[in-house]
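Biologist: Hi! I'm new to this one, could you walk me through it?
Modeller: Happy to, here it is.

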Amino acid sequence: MQIIIKAMNTLKKSFLLLGIVALGLTACVHNLDVKPNDPNNIQNFDQNGVFTKIYATLATTGQKGPDGSGDVEGIDEGVSAFVRMIFELNEFPTDEGWWIWDGDAGMPDLRVISWTAVNPLISGIYYRLYFDISLCNHFLENANADGIGAAQIAEVRFIRALNYYYLLDMFGSVPFAMEVSEKAKTQYTREQLYSWLLVELKDLEGTATDAEFKSHVKTEVMNYDWNNIARTLPDTRLSDYRVDKVAAQLLLARLFLNAEVYTGQAQWDLAEQYADKVINSQYQLHTTSAGGNYSAYQELFMGDNHKYIGGNSGEGILNIYQDGIMCQCWGGARFMCSAFRDAGYNYFGISDTWSCFRTSPEFIDKWVKLEDARMDTVYVTIVDSTDRSKDKQTPRVIAKPQYRGNEFQMPKILGDDRAILFSWKGDDAADVLEMNGTTKNGTFYDCWSVLKWTGRYSTQPVNGENIVGHSPDWPDTDIPFMRVAEAYMTKAEAMFQKGNAAGALDIINTKIRARANAKPLATLDKRTLCDEWSREFYCEGRRRIDLVRLGFFAGPEADANQYNWEGRGSAKSGEAFKSLDKKYNIFPLPNSDVVVQGLKQAEGY
Amino acid sequence: MKNNLLSLRAIFLSFLLVTGMAAFAQVAVQGTVTDAANGEPIIGASVLEIGTTNGTITDFDGNFSLTVKAGATLSISYMGYKTQELAAAPSMSVRLGEDSELLDEVVVVGYGVVRKNDATGSVTAIKPDDMNKGLQTNAQDMLQGKIAGVNVTSDGGTPGGSSTIRIRGGSSLNASNNPLIVIDGLAMDNNGIKGAANPLSMVNPADIETFTVLKDASATAIYGSRASNGVIIITTKKGAAGQKMKVSYEGNVSMGNLISRLETMSGTMLRSVAQALNHSETQMSKMGDASTNWQDQVYRAAIGTDHNISLMGGTKNMPYRASIGYTLQQGTIKTSEMQRVTASINLSPTFLDKHLSFNLNAKGMYIYNRYADGSVVGSSLFMDPTQPVRGGSATKMYVGEDGNERSENEIINTWFDGYYQRISKGTYGDPAWPYTKNAQTTANPAATLAHKNDRANSGAFVGNLEGDYKIHGFEDLRLHANFGADYSYGKQVTTVSPYSYSNFYYGWDGWSEEKKYNLQFNAYVQYYKDFTEDHHFDAMVGYEWQHFHRTGSYDGWGTYPTNSQAVDEAGNSLAGKVYEPSRNPNSYMTESYLVSFFGRVNYVGLNRYMATVTLRGDGSSRFHKKHRWGLFPSVALGWKIKEEAFLKDVSWLSELKLRLGYGITGQQEGIGDYPYMTQYTRSLEHAYYPIGDDSNALRYDANGLPIYDGTGTVVKDADGNIVYYSYRPGAISEDLTWEKTTTYNVGFDYGFLNARITGSIDYYYRKTTDLINTVDVPVGANFRNRVTKNIGSLYNQGVEFSLNAVAIDMQRDPSKFKWDLGFNFTWNENKITDLNLGEEDSFVRTGSISAGLGDGYIQVHKAGYAASSFWYYETRKISDDKGNSYIYAVDTNKDGQITQDDRVLNKKIVSMAPFNFGFQTKFQFYNFDLSLSFHANVGNYVYNDVLCGNVYSVAPDNLYSTQNGGYHGVLMSAYNAYYRDGIQPDKMRQMLWNKELGAYEATKTKFNEYYYTDLFIEDASFLRCDNITLGYSFAPKNVKLTGRVYATVSNPFVITGYSGLDPEHFGGIDNNMYPRCMTSMLGISLQF
């Protein structure tokens, strides 16, 4: 019996012990509520840090430069840059030129305008824009409006509007979000988004009525008392890289200029009126070469261009910062400089060349009549080519001697400061104007190169090759993303559309072309106007919408206008140009978001 | 429950007392226990009257005395010996035989052991084969080909490199597919550390007693959350109580040679090929006069040596084992080497009449690694063979950035440390460095090896203390606790010379450091009961707590050369100063916790029917509170059919057991530690912006490193703008929860002819649901467009078969000839059933290749196909009427053009072999032994990226390139593919569907994406001989010593139809892997 009692006692004791132990251990369950302790992360909203990020989305692709902590997934980080994506989507399908590397996913479809809803580049821009919008929404949901907060809020609203503008322009009808939430979103029609942008931008400018604003803002997700904070952008920007009211005015001018495309209702008067606001602002065309080495136009795109686009009277209205050390991005200034050059080109501040972008014959035609510039088929002896015995089998069509030159010579040869092109280099690389490339996309040397963007400093003489930038690998060239010249062109086109071709011609000749030291145009028609847009803004990421608006892009009207370029409706050069379905005037919504969000796809896709 | 147990116990004890009183008669027993082999007394053997707690232990002379009831049976047992049960007699002489089969009989399962006979799950235990082990620097090497369903692929020939282990295919897509590794009861985390590839490298292979692999869910479910990919349990060797001290030494020396290399064209041949192709004089003038075999500059015979000494033995209550080991292994690529020192100690004392026992393990390891730059594998193939290793032409002149012209030889000797390299004009604006390398060319591999010093030092400590207490007076109940910790540290330091190709001018100094510690505690209570002879029952409940913690930091920078004449804006010399744009310092810290409760109930009835039920609940700190806990149950049933009356007397059948299992396991790896929380990531170097507030202005400390506590100096860019760092909110996955794998298993264990032939066969089906997957989410809902969610499902099913046989056993013959055979076979099918990507055709790209401009993927995950199935263009070779043949890519979807939609998948073209085989055999004859082991994969495909990368470059127009200033090396297989087999990527054409004709038309349209075609996807089935060993054992009569000498050849041959160097690649892409070598080894082992 004793044994039993002993056993029971031991058992009791051990269960007691076990109980105590178990209790102690259960406390460890609380360990599961772990707090992150990575020194690179914080857990709470930091208003200034997120504000910086919102501007930085224009200039970088992630939290580490040039790459390594990207913002957008499903696309190469270097490609995912705001500037680069806007450039690629708006220029590769147009008459300016394209990317020769067929292997880059989604590229061939852009070049021949045959994209579908699963194109990775189209998804890339879409997700980039919405990433930026979510960031802005997050800021607006959490920011404190005190002190510097009010200006920050207005500027963030502008950046959000800018991102929505590109959604409106490129996609039309898109989901509309004012907060970061898993709640189902309303898909705005293109008209609805247009109206929303109109009120938002006017409010930022200070011209929206209270009633307009109240019906427009979703107060439930905003923490502030809108009546008691300054809702407008500042009159003068707080630094070279921030925005003020003029940015809202120029974006409004762009909205009105394209209003017919976006809503079916033209707004030429308003476009002119808002262009005037910009023209009459403190920001002015940069008309005089400051350094004396390069033209004023060229100075806008150089390593030290902040001197000409920044300040309180510069040409830039929204400037995106790039710096060789502090702010590196594969899709910003580096892209604009490297992608357009091949090894052996003149020094451009850095040395890395990608040989990616080739121009189109139609682009050359904007500067000199193609048949004048092009020599007949010749057999060029190219020193050090792969196989000299092949020369006769690959006839090349090169520029006539008078049209051969580098980027410093071509503006003079073509009589326009903006013709910063490259057609010839004497010693080993023969750069020729050639059509009928044997491969689908051609090769880099199939056409002249665009060398408008450079890392050189305007203080450097044309033949200077010493390094003056902050880094030998990354250019310091800022991006004048919105600039005054657009207001003049907008005003000119608005006048032209209203029937005042002479007035329009005058603005173009006296403002735009005069600054570029180009001969005045004698007459102006739709096509010359369209070409002038390209001459002024080529490779700045805007071409597509000008072609759409002026009726040269897709659809029966464009077909009837008979303006074709290699790639428009044709898969191969040499083939007859086909008509292009009007659906291509906008991009399809990425299929991935259509599926998860249940969106209505753009018509025709 | 408590009360029930108590009352059961009470009734049972009362019953014993009553029967005891009834019997009444007593016998006094006197006895001696000796070792059957040598007749020496056994001290401390336990003698127990069966059915009672009445017992004693033997004294110093092996004697015992005990009074028992008449007719009682005594159980005499001692660790390491077979237990004997004998009828009590007044005088007894007991001889205990050594129990060599003990380990075969007991298998380790999670939190306990089970008799193999009673195991219900699919459990395979192996003892490392001491006689045929080959070169084993890592424990994973011992598993290859040995166990059905376990596939081990080494990552190449890197000394001390890691392997990929897959048990029954992979249960995940994006989460981890690595098995859980448990070392002496300690579940390791799955990450390696700088210099140590994975947790298996923490154990010296010489210390391993057994490997146990738990494959099906009924066996693994007790490990719950981390066991979806199987569990490998490693038990290290221990001493035995009362055993005399044994000293063992094992040592070997080895040499590794590359017996096969990829053949390259000699310089002489390249010259004649260029002539034959009519290359111009100018082109040919770029050739050098040498004929260098660049692979000779890279590879060497690799020496290795390995020494291990262990001491083991035990006093009465204190068994011990200690060991120390040293390993040196050179790699076959020059400069690469690993050195390792390991030490381990094990103590397993018992107290309180064996009621309380402890087991203490401590293992320490120090590893030094020197890594070779892996790029030399490729560059030694592509480097121009006409150029010398050192020096250059005295007549070829190059203009520098300074405008001066110098000879190639002078430039190479001044700015390239004498190593030949193609030259370009400098871009540094530094008069002292007017040249640079031509960045379009290949790096001289000899220079790469000489100019890079990349080394890592790492240390690891793994220790645990287990305590086990059988409650006095209530021995059926055990309390068990295990506390363990592992700590590891690694630091890698990389120095690259400014004369190097990769870091010309600035050079590179960098380091990265990692520290981690994991803590673990578990405790369980086990109640073990034989109610009657026929009904055995045991139950266990337990608790576990694990903490994983990891920190790291790194920094790296270039420096202006010491002779630089570069100056800053103020005109100060920059020589020797850090080149700031290159610098990238950072540090990180992360941790997670797992808390678990678990229990198991075993029942064995009539020695025939077995049932095991387990349940585990795991909480992970990686999931939001709402989804934190996962419940992982399992049920397994076993039926020993052989024990049934109708088979009992069938003499040829010695064992037949049916096992049925079902269970669920979980997965939480591969998602980061904090996926459900909002976190803001600070921007790092080169991602600053000049807009912000004083609170987020970038500041540097005195060392020029960023500091975030508000102190330090505000940083400005060179134009005077203050720059600011930013914060980016991260994605939040609040709904994320456990990925779950449900496994069904049916298996038979069988034995024939008195267990001369044994084995098992299993069928399994494993379905994974709630796949942890990164998927598109609605815009505007999160801060990332792709977020990790639980979406999709896949399954693996397969058959495993193993057979072990003693073919000949002539124990009585003086030759003692014995022939053992072992064979295993696995068939596994992996299939993704649902990816939920929305569109039927959607897929996830994977399997990146070197071609395709950074966007090249040759595989996809797609519903209806195996994970990582090849996705390619089909080709056809057709001759035209002129007799020229072309290869055409086919417009498979017949839309008249070739787009990505024409790429196809084939259910058979998969990277993971559906069939695996392993085969081992061993002959023993007199004192000699000869063993061989093999493994084979059948049905696996490999993308030959090496061939693809080279075949384009051998086209007549590509042999010479203006951009890289001359010729390049030519891989003979690529040359033959191009000129002999007609695989000419630059001349590929398109075979388009002509709608009007309703037929395919061979067009002249060029096809560019040759690298995505089936031309480079090859059947890579193979049979590899892993080891051949010949040994001789000796036991000199006059010396107390036994030993064995042996010679081994590892990896002597591979039989395959694959055209590349080696057909074995995890993931199915062959891209310049560090080649595996053949190793020849001489070794000796001694025990005294």
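Predicted model: local features only at pLDDT ≥ 70, side-chain atom pairs only at ≥ 80, totals over all residues.

Biologist: Which residue does A:E532 meet in a salt bridge?
Modeller: A:E532 meets A:R418, at 2.8 Å from N to O. That pair links distant parts of the chain, 114 residues apart: A:E532 sits in helix α20 (residues 526-537) of chain A, and A:R418 in the loop between α17 (410-414) and β7 (421-422). Helices here are DSSP runs (H or I, at least four residues), strands are E runs of at least two, and both are numbered from the N terminus.

Biologist: And are those two buried or exposed?
Modeller: Both A:E532 and A:R418 are buried. Buried means under 20% relative accessible area, exposed over 50%, and partly exposed in between, using a 1.4 Å probe and protein chains only. For A:R418 the value is 0%.

Biologist: What about A:R418 and A:D416, how far apart are their closest N and O atoms?
Modeller: They are 2.9 Å apart, in another salt bridge. A:D416 is buried too, with a relative accessible area of 3%.

Biologist: Where is A:R542, and which part of the chain does it link to?
Modeller: A:R542 is in the loop between α20 and α21 (543-549) of chain A, and it pairs with A:E486 in helix α18 (residues 485-497), 56 residues apart. Their salt bridge is 3.2 Å, N to O, and both residues are buried.

Biologist: Changing topic: how many residues of α7(A) are buried?
Modeller: 12 of its 16 residues, so α7(A) is mostly covered. Among the buried ones are A:W196, A:L197 and A:D203.

Biologist: What span should that helix have?
Modeller: At 1.5 Å a residue, counting one less than its number of residues, α7 (residues 190-205) of chain A should span 22 Å, and its end C-alpha atoms are 22 Å apart, which agrees. A:G206 follows, with a positive phi near 100 degrees.

Biologist: Last one: in chain B, where does B:D530 lie?
Modeller: B:D530 lies in strand β29 (residues 508-532). B:D530 is partly exposed, at 45% relative accessible area.

How values were computed:
Residues numbered from 1 in each chain as written. Chains lettered and ligands numbered in written order. Heavy atoms only, no water. Salt bridge = Lys/Arg side-chain N within 4 Å of Asp/Glu carboxyl O.
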